[in-house]
Each structure stands twice: as structure tokens, then as C-alpha cells.
Amino acid sequence: MDLNSLNAKFKKVAGGASTVFNRAVQFTEEKLGTAEKTELDAHFENLMQRSDKTKYWSEILLKHTDTLLQPNPNLRMEDLLYEKLDKKKKDRTTQYEILGNSMVEAGNDFGPGTSYGNALVKCGQSQIQIGNAERDFVTSTVNNFLQPLSNFLEGDMKTILKEKKILETKRLDLDACKSRVRKAKSQSSTQQDGKACTKDDIAKAESDLRVAQSEFDRQAEITKILLEGINSTHAHHLKCLNEFIEAQMTFFAQCQQYMSDLQKQLGSYPVGGGPSNNNTSSSSSSLPAPSNTYTPPSIEVTAPTPTEKRQAKALYDYDAADSSELSLLADELIMVYRVQGLDPDWLMAERGSQRGKVPVTYLKVLE
């Protein structure tokens, strides 16, 4: 390597070190209040503050949503490790599915022909359904809500932070140049180390200032364009938020439906000897066979006239939804009749002194 190349490299390193030193001096003097600082306009400051808020709250929402989907911190750490290693996450069994499988196994062990065993099987099947629904909810939330937030933080936000950092260095360079120009002008007529600042020194400082101003303005424009893009980011995140809420609504609706179906299947199991009435026949074997979703079969009912009471047999257990209805036990006999104004899918029923409406699909009206 020749001497000229060495000198050029040395000057480049020295120039870089000088620039870094000038930035450090400028930053220190600003903190001490002995140097002026170029202020950005109010609109630019608002854009900067909004980007900071967007970054902060995106990180918080990402963290807390992830905690909602996976409450176990050890499993979250394991998922993060798989993500860093660029490996596929484990397809874990949900807690609902674990509970459901245990209930089904217990019910089969007790015997699905018993009341308790049959109920356990049905409850287990419903828990498994909820577990599958939860899995769909988690997948939808990760793809449509968490991933866009993460992509923003890892992509656009990192670019914004990088450009903001460059802007800050350009601003320090600009203010350092302004300070040198002021010092050069104030020292132009005085002696410093036996040498006065010449017009060439002032011209050099002013030239450096123009270059620094140009670079600062250019970087400010780049940063401003990126910051204004936060508007479209908010619009996209709003769409993702709506998709998250829709997935959550779907999940909750599925859970409610599964529990409602389960309640109809279970009906009113007798506890402690069951209700005291003359027509009750508690037969566990009459429960309908376990299934994921129970829908009462369509049965042609020969309904009594409004003035006629007929005897009817309960085909399935039925749990009253409110005080206007009457609970049923499979195989029990009750008296039923029509009431004017009552929905045709319902009959009024009597069991001793108890009275309430029951769905006709749960009955077989006897001749």
C-alpha cells in the first residue's frame, strides 16, 4: 500500500473520529444548557410522539394477547425459542381437550349405561369440541392479529427507528456546525493561540453548515414520510382488531352452543333420590346415546284439544330454562293440554301440583 493511500485512509478515520467527537460535545453542551438545539416543527413532533405511542402500545398488545392465548410462561418461552430457531411450533393439546378426554375415559370406565358414566361421556365430548374451537380461535388470532403487529414492529417500526436515529445524528452535526460558525465569527477579530480566525476559516465553517443543513433537511423529509405512514398502519391494525373480535365472538358463540346442547342432553338428573312425585320413573338407560351435538328427533304429536287433557310420556330429560317451564325426566308420565296463545311447539304440562310448559319434541302423547 503506497503512502497516499495510507494518508487518505488516515484522514478518513480522523475525520470520522472528529465527527463523532463533535456530536458528543454538542450533545453534552445541550444537556448542560450551554448550546442551542435545532427544534422540529410542531407537526413533526406530533408525528414522532405518535410513532412512539404506536410502538409502545403495539408491544403491550402483542405481549398481553400472547399471554391470553398461552397463559403458561414456560410454554410461551418454548414457542419463542422455536420461533427464533425458525422451527415449527409444537401442536399442543388444549386444556379443554385434556379434560374432555379424561371425562370420556372415566365415563366409559364407569359404564356409558349408567347415569354418571353417560353424563361424563357427554361432558367430555363437549369439552373436546370447545378445545377444537379454542384451537381455531388461537390460530385465527395469531394469523390475523398478532402476526401483523409483530410484522409492523420487526419491519416498518425498525425502519422508522433507524431513520430517526440518523436524523438525530444529522441534527447534532447541524448544530455543531452552527456552533462553529458562531465561534468563528466571534473570534474573527480576536487572537486565539496567537492566530486569528481568517475569512477562509469562516467560509469553510459556513460551507460545512450548508452541507449539514442540506443533509438534515433531506433526512427530515425521509423520516417525515415514514412517520406519516403510521396513518395507514393504524387503519390496517384496526382491520386486524375487527378480525380478532370476530374470532373471539365466534369462539364464545360456539362455546355457548356446545354448553346449551350439553344441557339439553343431560336434562335433570335426580340427586339425593330425585324429586318426589308419583309419576316419575328415573331410568338412566333411557338417556339418548352420546353425540357431539344433540338435536331432538322430529316426532309427530297428536296434540290434545284446548279443553282436553291427555297423558304423555317424556322421551328425554329436559331441564327447564325458567319458572314458566317444567323439567322432565325420561320415561315419566305427565298430563298435557293445549293453552290458547301458547306456541304450537309447546304444550302445557302438569305433574301433581307442578305446572309448566314443555316442548312437544320431548313428548309422546299417548292415545
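1. Two strands are taken to pair if DSSP finds at least two bridges between them, and the strands themselves (E, at least two residues), like the helices (H or I, at least four), are DSSP runs numbered from the N terminus. In that sense strand S4 (residues 333–337) and strand S5 (residues 346–351) pair antiparallel, over 3 bridges. Within this pairing valine 336 stands opposite alanine 349 in S5, while tyrosine 337 stands opposite methionine 348 in S5.

2. A word on the basis of this note: the model is predicted, so that local features need pLDDT of at least 70 and side-chain atom pairs count only at pLDDT 80 or more, whereas totals for chains, interfaces and linings use all residues. Residues are numbered from 1 along each chain as its sequence is written, and side-chain values use heavy atoms, with hydrogens and water left out.

3. On its other pairing, S5 joins S6 in the antiparallel sense over 6 bridges, and methionine 348 stands opposite lysine 357 in S6. S5 and S6 form a hairpin with 2 residues between them, and glycine 352 in the turn has a positive phi of about 60 degrees.

4. These strands belong to an open sheet of 5 strands in the order S6-S5-S4-S3-S7, with antiparallel pairing. Its edge strands, S6 (354–359) and S7 (363–365), each pair on one side only. Neighbouring strands of the sheet are turned by 40 degrees against each other on average, direction ignored, where the axes are lines fitted to C-alpha atoms and angles run from 0 to 180 degrees between N-to-C directions.

5. S5 is largely enclosed by the rest of the structure, because 5 of its 6 residues are buried, buried meaning under 20% relative accessible area, exposed over 50%, and partly exposed in between (1.4 Å probe, protein chains only).

6. Elsewhere, Leu238, Leu241, Ile245 and Met249 form a nonpolar surface patch with about 370 Å² of accessible area together; such patches consist of residues with over 30% relative accessible area and no salt bridge, nonpolar side chains being joined within 5 Å. A salt bridge here is a side-chain nitrogen of Lys or Arg within 4 Å of a carboxyl oxygen of Asp or Glu. Leucine 241 is found in helix H8 (residues 230–266) and, at 37% relative accessibility, counts as partly exposed.

7. For the chain as a whole, there are 8 helices and 7 strands, and buried residues make up 32% of the 367 residues. The accessible surface comes to about 22,600 Å² (Shrake-Rupley method, 1.4 Å probe), of which 54% belongs to carbon and sulfur atoms.

Definitions and conventions
Patch = residues over 30% accessible without salt bridge, like charges linked within 9 Å, V, L, I, M, F, W, Y side chains within 5 Å.
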